[in-house]
Amino acid sequence: MSVELAILNKPIDIQGGALASAADTLDAAFLGALLLVPVHSTTCEIVDFLCADATPGALSLLGLAAKDLIGKSLVRRLSGWVGRDPLQLAQCVLRDGRPVDCAFDATAAPAYHTLRARFAPHRAGILMTWSDAVPRADISTRLREAERRAEVAEARLVDSFVASPDPFALFDQQERLVLCNEAWIDIFGLQEVDSVIGRGIEDLMAVAGRSETVPASQGYARWRLENRISASDDSYEMALADGRTFRLRERVTRDGGLVSVGSEVTEIIRQREVLHRALESINVRIGIFDPEDRLVVWNQAFARVAGEDALQSGMTFEACASINAARDDVVTLYDGREIDLEERMALHALRHRELQFERRYKDGSVSLMSETRTPDGWIVIAGTTITELKAKEAVLRARVAELDSARAEAERHAADLAVVTEQLTVEKERAETANRTKSRFLANMSHELRTPLNAILGFSEILKLEAFGPLGAERYRDYAEDIHASGNHLLSLINDILDMSKVEAGKYSLVLEDVALSDVVDRAARMVRGRAAEAELHLDIGPVDPSLILRIDPRAVKQVLINLLANAIKFTPAHGYVELVTVVEPGAVQMTVRDTGPGIDPNEVPRLLRPFEQAKSAGGQGTGLGLALSSALVGLHGGRLTVDSLPGAGTSVTVRLPRD
């Protein structure tokens with residue numbers, strides 16, 4: 001038999017002591033004993049037995065090892081050993097509360113013939129004992145010898161505790177002192193008490209709280225009276241006047257008693273204080289975790305980062321890391337990239353010898369954090385500020401980059417200087433020639449083309465309307481309409497080219513006036529409704545508030561809307577959808593033309609805003625001036641034209657004009 005005493009949080013196995021004498025006593029009084037635990041059915045009947053314990057004599061008698069007996073079912077074996085129904089015997093014992101004797105032949109023990117067995121009630125179940133027919137006088141002699149050996153063992157145990165320099169006290173279930181040594185009496189200042197054995201712990205702590213010889217015991221007494229001791233170790237450090245420090249531990253025993261054990265930790269406390277002073281004296285954030293990832297030691301610099309009230313001794317590494325991860329003013333970097341709490345814990349779990357992280361704060365400061373693991377599993381977290389070093393590093397990198405760029409630029413300039421000078425001369429002459437050619441061309445176009453076009457348009461209009469009588473064949477009227485439409489188209493192209501030239505030359509003048517925007521939108525819509533109907537498209541012109549007045553050039557804005565609507569109609573397949581939506585914003589008016597056409601690659605949009613550039617889907621139709629001229633006219637009004645499109649998703653062109 002053995003018993004565990006919790007001393008200094010370490011289990012101590014005591015063999016052959018007073019508590020172990022119970023097995024000796026049973027073996028001395030009987031041939032052996034078994035402790036049986038009944039197994040009940042749902043109807044509360046006993047259906048089996050489990051062996052909870054066995055004396056050495058029982059193991060020898062049955063010829064079995066403890067591992068083959070304890071915890072095993074015994075109902076079948078008992079039936080063979082006893083010769084009677086053991087379940088009925090157990091029912092009688094538990095029902096009447098009195099032991100039952102029976103005799104049987106021990107077939108399992110050939111050295112014995114007829115034996116006596118007794119089934120007696122026990123707090124854990126049923127105690128089964130064997131005895132032979134020896135005289136009762138011999139049994140009494142054995143019992144007295146067992147008691148003597150038990151008394152000797154108990155005296156030895158008590159002497160060892162009394163002689164120990166470490167304080168020790170044992171209390172019973174009513175918290176009355178059963179055993180203590182002089183060291184325990186001394187640290188509580190109880191030397192003047194006549195008899196401490198048998199007194200309650202609250203009574204003793206009350207005396208200790210009034211002790212003037214050992215003032216430190218007063219704090220322990222208050223702690224002891226205010227706290228309820230649990231089944232796990234509860235400890236308290238007591239510093240005595242002579243400089244010694246004891247750590248006292250109290251723990252509830254299995255039988256409901258209480259054991260109080262102390263150990264001197266003076267040197268440990270001194271070393272801990274030296275370590276704390278050393279950590280506080282360095283300008284580095286230090287946190288130390290034990291091999292179980294529990295925080296053990298840290299300095300104030302480390303605590304200020306996480307919050308001085310947030311850290312507690314024994315908290316886990318993950319809890320500390322969670323505090324830093326919850327902050328929104330700091331970013332943790334590993335290998336130059338940002339990591340979160342999950343990845344931080346994954347790196348920690350890899351148990352590298354050393355890890356390095358950067359922490360960057362919103363105020364611009366930067367810290368270098370290192371995680372170092374010692375050979376015995378302890379973890380040291382160290383952090384130092386490297387803000388100034390990082391700033392110098394960034395400045396140095398920037399200067400190197402500037403020097404490299406300046407050198408490359410200088411080399412490029414030196415190599416291209418002669419070529420550029422020559423190209424500038426050639427381009428200047430070419431530009432002057434092109435400008436003179438353009439001026440002559442535009443002058444000729446203005447006079448030579450517009451004059452005959454006006455005649456063509458006038459005469460074709462007369463023919464189309466048959467002002468002087470019928471033309472005869474119906475085909476003549478169709479030809480007249482085609483001539484008139486072609487002339488209008490040509491005149492529109494000529495006007496666009498001339499207007500674009502004026503804009504580029506800075507000679508296009510807006511004629512601004514206060515105009516109702518709804519009138520301009522209506523006139524533009526009337527101009528394109530016929531085209532939309534011919535193309536079998538649905539044209540939707542959103543309503544405009546008649547009271548909305550803008551200071552604009554109505555002809556220029558109408559031209560912009562016609563260009564945008566005409567483009568949308570031209571590129572939208574039959575049965576498609578074209579709409580004009582007007583939205584009034586604070587300080588501006590936004591007009592958007594949307595279509596369900598094939599759309600434009602966003603990379604193509606900047607090119608299409610230049611003159612004479614066409615979309616790939618245009619198939620070479622038109623001059624490519626509509627979008628560029630519209631953007632230029634909107635810009636002259638102080639507005640902005642934007643294009644939003646994706647291939648296969650249609651196109652939206654937005655014109656934003658200021659209201660002031």
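Predicted model: local features only at pLDDT ≥ 70, side-chain atom pairs only at ≥ 80, totals over all residues.
Residues are numbered from 1 along each chain as its sequence is written, and side-chain values use heavy atoms, with hydrogens and water left out.

The chain as a whole comes to 18 helices and 26 strands, where helices (H or I, at least four residues) and strands (E, at least two) are DSSP runs numbered from the N terminus. Of its 660 residues, 37% are buried; buried means under 20% relative accessible area, exposed means over 50%, and partly exposed lies in between, with a 1.4 Å probe and protein chains only. Among contacts with a separation of 6 or more, 49% are between residues 24 or more positions apart, a contact being heavy atoms within 4.5 Å.

Seven strands form an open sheet in the order 14-13-19-18-17-15-16, with antiparallel pairing, and two strands pair if DSSP finds at least two bridges between them. Its edges are strand 14 (295-298) and strand 16 (337-338), each of which pairs on one side only. Helix 11 (residues 317-325) packs on this sheet, touching strands that include strand 13 and strand 19, and its direction makes about 150° with that of strand 13. Helix 12 (residues 341-349) lies across strand 15, strand 16, strand 17, strand 18 and strand 19, running at about 160° to strand 17. For both angles, axes are lines fitted to C-alpha atoms, for helices over the stretch in contact, and angles run from 0 to 180 degrees between N-to-C directions.

Within the sheet, strand 19 (residues 379-385) is joined to strand 13 (residues 285-289) by five bridges, and there Arg-285 has Gly-383 as its bridge partner.

A salt bridge here is a side-chain nitrogen of Lys or Arg within 4 Å of a carboxyl oxygen of Asp or Glu, and the structure holds 19 of them. In another, Asp-329 and Arg-327 meet at 2.9 Å, N to O; Asp-329 counts as partly exposed because its relative accessibility is 26%. In helix 13 (residues 387-465), Glu-393 and Arg-397 are four residues apart and therefore separated by about one helical turn, and their salt bridge has its closest N and O atoms 2.6 Å apart.

Lastly, Asp-290, Glu-292 and Arg-294 are linked in a network of salt bridges, and that is where I will stop for questions.
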